[in-house]
Amino acid sequence: MELNLSDQDAAFRDEVRAFIAENYPQEMRVPNPETDLTKEQSLLWHRILHKKGWIAPLWPKDYGGPGWSVTQRFIFEQETSRAGTLPPLAFSVTMVGPVIYTFGSEAQKKKFLPRILSGDDWWCQGYSEPGSGSDLASVRTKAVRDGDHYVVNGHKTWTTLAQHADWIFCLVRTDPSAKPQAGISFLLIDMKSPGVTVRPIITIDGSHEVNDVFLEDVRVPVENLIGEENKGWTYAKFLLGNERTSMAGIGRSTRYLQRLAQIVRTEISEDDPSYGEFIKDIARVELDVLALEATELRIIAQMSRGIDPGPAASLFKIRGTEIFQRITDLTHQAVGNYGLAIREHPVSANHFMPGPDYGHTATEKYLNSRKLSIYGGSNEIQRNIIAKAVLGL
Amino acid sequence: MDIQFTEEQELLRSSIQRFLREQYGFDERRKIVSTDEGWSRKHWEAFAELGLCAAPFQESSGGLGGGPLATMIVMQEFGRSLVVEPYFETVVLAGGLIEDVASSEQREALLPSIMEGEAIWALAWSEGRSRYDFNNVTTTARRQGDNFILSGTKAAVVGAPWADKLIVSARTSGDSRDRHGVSLFIVDRHSANLHVQSFKTLDGRRAAELALMNVEVPANQLLGGEGDGVVALEACRNRAIAALCAEAVGAMSVLNSATLEYSKTRKQFGVALGTFQVLQHRMVDMFIALEEAVSLMQHLNLSLAAREPNGSKLASGAKSKVGYAARFIAEQAVQLHGGMGMSDELNVGHYFKRISSINVQFGDPTYHLMRYAQQS
C-alpha cells in the first residue's frame, strides 16, 4: 500500500530508496541480522546514516534531527524496513535520546546526544527486574543519595544487548516511602562503573540477546539524574510511548510474508493436503497486514493534522506482534521436516545446517518471536490500556 | 471411556515414574543433552532393565505383551520428563515395523537386541522434498545379484547419528510418487558409502541427512514385501502418532501445572497473576484443551489395541487435534511465564520445543486435519 504522495514526497521516497540501494553494507545482509552480527558490524549502517544526517528522524533539527515532516518520517521508516535494513539501536536513538533532549539538562544534552547520533555510545534499557515485568512501577533497585553521588543497588533483567552497552538508563527507587509511581527516578549509569556486572541469559532459540545486569554499590554522579528526583515515572512513560508506536513492523512482516509465500510455492506441491490451507492462511495474514498498514496510514494522516493517537497506539503493538508471530509460525510449518533443525549459536560456518537456505532461520525465528507478545508491556497489558484509556471501561 | 489401568499397567507406570523422578530430573536431562553424544546409554540400559524396551511387544515375540497401552504409558511419562533417548525411534518405529512385517527369521534375529536395550534404530523415510508423503521417494534400490544397491538421500532422520541400524525406504519400482514400489531395507548405519551428516534438533536431540551412494544391502535385509513399503509405513504412522500424542499429553500436563503454579505465586500490580480474569480464562482454556487431548489420545490408543478399522483416520484426527491443543498450551505457557518462559534456564521453554518438534514429526496438525477431512 502506498501513501498518496505529493511530488515532493515522492521525490524524497525515491531518494531514500536509492540511498539504501547504494549504501546498505553487504556485510550486514546475513540470515538473521539481530543475532548474527558483531557489535561493529551492526553499527556500520548506523554510521552511514549518521554521516548522511538521517540517523534520528524523530529528533528536532536543533538536536541533530533531519527536520522531516510526519509523512517523510513515515516514508523513511517504510523504505528502510521494506528493504530489510537493520534499524539503528532503538534504545539509543528512539528511546533515551528523546528523553535526554526533552527532560535532560544542557550539560547532559551536550555530553550524550552527539555520541548517541554517532553511534559512539551504545545504550541499553534498565527497566525490567526479576519482580517487575509488565508492572514497571514496582521497581526495587534502590538509589540512595550520598553526597554528590547516588549509590545504586539492584538487579535488572531481560536487558537487550547489554553485553555491548556503554551506558544503561535505569529506573531506580529514590523514595521508598512514596506511592510506587511517585518514588522512581531516571538515572544514567556508565556500564564501566565498578559494581556493574552483566550475565548472559540464553533464550529458547539458543541466542544471546538479553542479560541480567547486577548493580552492587554502583556510585553514580548526581549529574546523571534526568530531570527531577522522583519524577522518573513521567519520563519512563514518555519513552514507552515512543516504543509502542514503532511496533507495527509492517515492513518486516511484509518481507517475511513474501519469503513464506516463496517457501510454500517451492516446497509444497499443489496436491499436498495442506497446500490449500497454506494459501488461505497466507491470504488471511496478508489481509491482516494490509489492514494494519491502512490503519497506520490513517493515523499518520491524523498526526500530520496534529491529532495525537494517544493510547490507541497500543493496537499497533498488539496486532504487529501477533501478525509477525503468525508468520513465523507458518514459516516453521512450511519448511516441513526441516523444522526440526535449528542453527547453533553463536552462528558459525562449521555447524552443518540441513535443507534449503531460506529455511535455516525458520525454527529460531518461530521460537524467538514468542518474546514479542511479552516484552514492551505484554499484549495483555496493552489490551488493558485500550480498555481503560480508550474505551473507558 | 476413561481407561482403568490393570495392576500390571499401574506397576509399569509407577516404576517409570519412580525411576524418572530419581534419575531423570531436569538438571540431569540438561547434562545428558549437552554431552557430545546427546543421549545417555546408562539411562537407556536402565530403561531396558525396567522392561520398557520389551513392554509393548507380543509375548510370542518374546515381549511383555503390553501392546499400544504399554507404549502409551511409557511415552506419556517420557513426555513428562522430556526423555531424549531414542525409545520412540527404536521401539515404537523400528520395533513396531519389525514385529508387523518382518519375516520370522528377521524377527528372531532383530527383536531380542531391541528388547534387551542393545540395539538403537532409526527410521529413514523422509526426503528433502517429500514433506509428509511416504509415496514421494526418489531414493532407489536396484537388484544386483544377492544384493540391493541403494542410492539417494534421506532427510532429517531423527536419531540416525545414534543408531546402529536404519530402516530406509527406497524405490524398487514405479515412478517417484507411486504408492506401490517403495520397499523398506534394513541398513547397517556403518555401511560403506553411507554418509551421515549430523545436526542438532530444536528439542536437543540429534538428527542427520543421509547420503546413500551405492550402498550394498543383502537381499535378505528387505523388510516386508518388495514394493509394499508404503502400506507398512502407514500402519507404522498410526502407532507413531498414538505414541507421540501420548508424549505430547505428558508434556502438556506438566506445562499446565507449571503455569497454574506460577500464576498463583507470581505477583504483579500487588496481586497474584491468577487473580486477573483474562488469565483465568486462558488457563481454563488450557485445562479444556488438555482434557480433550487426553481423551482423544486414549481413544486412539484403545482403538489401536482393539485393532479396530479406520485407525488411519482416527490417527490423523488425533494428531491434528492434540497437535493444535499442544501448540496452544505451549505458547500460552510461555506467554504466561513472561520473560522466564523465554529463558533456556527454565524447563517451560524445553517443553515448548519438544511439542514443536512432535508437531513436525509425521505431519503437522494442519496436514492431518486435511488428511482426516479427505478420509471422511
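This is a predicted model: local features need pLDDT of at least 70, side-chain atom pairs count only at pLDDT 80 or more; totals for chains, interfaces and linings use all residues.
Residues are numbered from 1 along each chain as its sequence is written, and chains are lettered from A and ligands numbered from 1 in the order in which they are written. Local features need pLDDT of at least 70, side-chain atom pairs count only at pLDDT 80 or more, and totals for chains, interfaces and linings use all residues.

Colleague: How many residues of chain B are in contact with chain A?
Modeller: Two residues are in contact if their C-beta atoms, placed from the backbone, lie within 7 Å. Elements of chain B that each supply at least two residues to this side include β3 (147–158), α9 (311–337) and α12 (365–374); helices (H or I, at least four residues) and strands (E, at least two) are DSSP runs, numbered from the N terminus. On the chain A side there are 34 residues, and on the chain B side the number is 35.

Colleague: How many residues of α12(B) are buried?
Modeller: A residue is buried if 20 or more other C-beta atoms lie within 10 Å of its own, exposed if 12 or fewer, and partly exposed in between, with C-beta atoms placed from the backbone. The buried residues of α12(B), among them B:Tyr367 and B:Leu369, pack against α9 (275–304) and α10 (314–334) of chain A together with α9 and α11 of chain B. Of the 10 residues in α12(B), the buried ones number seven.

Colleague: Are α1(B) and α4(B) roughly parallel or roughly antiparallel?
Modeller: The axes of α1 (residues 7–23) and α4 (residues 67–81) of chain B come within 10 Å and cross at roughly 20°. Axes are lines fitted to C-alpha atoms, for helices over the stretch in contact, and angles run from 0 to 180 degrees between N-to-C directions. Angles under 35 degrees count as roughly parallel, over 145 as roughly antiparallel, 65 to 115 as roughly perpendicular and the rest as oblique. The crossing angle therefore makes α1(B) and α4(B) roughly parallel.

Colleague: How are α8(A) and α9(A) oriented to each other, and which residues of α8(A) make the contact?
Modeller: The axes of α8 (residues 250–267) and α9 of chain A come within 11 Å and cross at roughly 165°. The two helices are therefore roughly antiparallel. From α8(A), the contact is made by A:Ile250, A:Ser253, A:Thr254, A:Leu257, A:Leu260, A:Ala261 and A:Val264.

Colleague: Where does a cis peptide bond occur?
Modeller: Most peptide bonds are trans. A:Pro346 is in the loop between α10 and α11 (362–368) of chain A. With omega about -5°, the cis bond joins A:His345 and A:Pro346.

Colleague: Is B:Phe362, with its positive phi of about 60°, buried or exposed?
Modeller: B:Phe362 lies in the loop between α11 and α12 of chain B. Because B:Phe362 has 24 C-beta neighbours inside 10 Å, it counts as buried.
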